[in-house]
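I opened my notebook to look up contacts between side chains. Here is what I wrote down.

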Amino acid sequence: MKAPFRLSRLLLPLISMVLLTAFSVQAQDEYASLKNWETFDFTSRRIATTDIGTLSIEDLKLVRGIVFGKHGRVFKDPEIRRFLESRTWFKANPDFQNSLLNDTERQNLDVIRIAEAQKHETVQPGDMRLYQNRLLTRKKLGAHTNAEWTVLASEIEAIHGKRFDGTPWLQQYFDERYWYHPADRYDPKSLNQAERKNLTLIDTIQRQQRRVALAPGDMELFEEAMLRGLSLHELRLLRNEIYARHGRIFKSMWIQQYFGGQSWYEPKEDFKDEEISGTDKTNIETIVAFENKLHNQIATKPITRTLLQGLFVEDVRKMRDEIYARHGRVFKDPWTQKYFASFDWYKANPNYSDASLSAVEKSNLTVIAAYEKKAVSAMSTIEG
């Protein structure tokens, strides 16, 4: 019985050496498949789909990282960041901008991003350019949070240059995409039939997921019961849609921009609010009453984590700021101040203090703050 024991003791150092060697080789070979791509000149040589056809989706992402990494871009994505930081040639550039990329690099990035999109089991933010002429299915769309659905739908329009100044985080998200080129004037009619159908499908799924029956653009189908579940932002768009369908030109730039992007909108210089009557006037009054009810509930009803679930941190911050805005707080951020100043109920109070907040409001702020710490930023959904 002792011989095997002695043998095992003798083998232990040998086994340890073999294992250490294996781990060392594995560490050295971890990025071996990317060696040729690290020396590839993406600035002057174009790649074809066949050149990267055998790469895994993980390697494709890292090759994309190489293109940006040559200019020092610092990624939030942990895998790309870890890879770049392990490269001796990588020099972080905190001032990186997409303008550093030339046309050849952008074309190469297009090939890589389309290859990534083709390998995704379900559609992800950043993939919609692959589906400009392809119809999506529910299965291919997969499951997403409400905020991710917003990004996917907006991406279809952003491909054609639509701006999203009314939603700063969304505009910033697309400003950081290398392929995004904002148009001086976005034309919704530039969308082809496949893109329109894909937008409708995404909107339908998003609505079903949120269990709402109405969304901006649906005022022709309006019934009071349909207002349940809509956000204050959506309610405001619905209310103004009634005016927009009569050709009203809006003073708030983001509202004008939103309706200017609708195919049915025809602005009329001579429109007057007094022209609204009958059912349209009643519907406006109904929505205003519902808006006021929700605004007042912020101060009287506790906010639950369920209500916040799936929202990007940027959306939650707007909800948080509204609690302060209801008491007239003046905001340092210009866009935030302009946004709330465009509401009839907002009255700036230079003497505002947190002492004016109710116990429920303070509790709601605590719930929102806790959610903000764990919430995902729209900027980190996908990089490229």
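I looked for aromatic clusters and found F331, W335, Y339, F340, F343, W345 and Y346 together in one. The model is predicted, so I kept its limits in view: local features need pLDDT of at least 70, side-chain atom pairs count only at pLDDT 80 or more, and totals for chains, interfaces and linings use all residues. Residues are numbered from 1 along each chain as its sequence is written, and side-chain values use heavy atoms, with hydrogens and water left out.

**Aromatic pairs**

I searched the whole structure and got 25 aromatic pairs. Rings of Phe, Tyr and Trp (its six-membered ring) pair if their centres lie within 6.5 Å; planes under 30 degrees apart are stacked, over 60 edge-to-face, and the rest tilted. I checked Y173 and F174: their ring centres are 5.0 Å apart and their planes at 85 degrees, so this pair is edge-to-face. Y173 is buried at 0% relative accessible area, and F174 is buried at 0%. (Buried means under 20% relative accessible area, exposed over 50%, partly exposed in between, with a 1.4 Å probe and protein chains only.)

I then took Y258 and F259, whose centres are 5.0 Å apart with planes at 85 degrees, so they are edge-to-face. Y258 is partly exposed at 22%, whereas F259 is buried at 0%.

**Salt bridges**

How many salt bridges does the structure hold? I noted 18. Each is a side-chain nitrogen of Lys or Arg within 4 Å of a carboxyl oxygen of Asp or Glu.

I looked up R248 and D273, which meet at 3.5 Å, N to O. R248 lies in the loop between α10 (232-244) and α11, and D273 in the loop between α11 and α12, so the bridge ties together parts 25 residues apart in sequence. D273 is partly exposed at 34%.

Next came E372. A salt bridge joins E372 to R317, with the closest N and O atoms 3.2 Å apart. R317 sits in helix α14 (residues 313-325) and E372 in helix α16 (residues 359-374), so parts 55 residues apart are tied together. E372 also bridges to R320, again with closest N and O atoms 3.2 Å apart. That pair links α16 and α14 across 52 residues. E372 is buried at 15%, while R320 is partly exposed at 23%. I also found R64, R113, E116 and D127 joined into one network by salt bridges that share partners.

**A charged patch**

Last, I turned to the surface. E269, D270, E274 and E275 gather there in a patch of negative charge. Such patches take residues with over 30% relative accessible area and no salt bridge, joining like charges within 9 Å. E274 is in the loop between α11 (253-260) and α12 (278-300). E274 is exposed at 68%.

Definitions and conventions. Patches are made of residues with over 30% relative accessible area and no salt bridge: like charges are joined within 9 Å, nonpolar side chains (Val, Leu, Ile, Met, Phe, Trp, Tyr) within 5 Å. Accessible areas come from the Shrake-Rupley method with a 1.4 Å probe; for residues, only the protein chains shown count as cover. Lys and Arg count as positive and Asp and Glu as negative; His and the chain ends are not counted. The place of a charge is taken as NZ of Lys, CZ of Arg, CG of Asp or CD of Glu. Helices (H or I, at least four residues) and strands (E, at least two) are DSSP runs, numbered from the N terminus.
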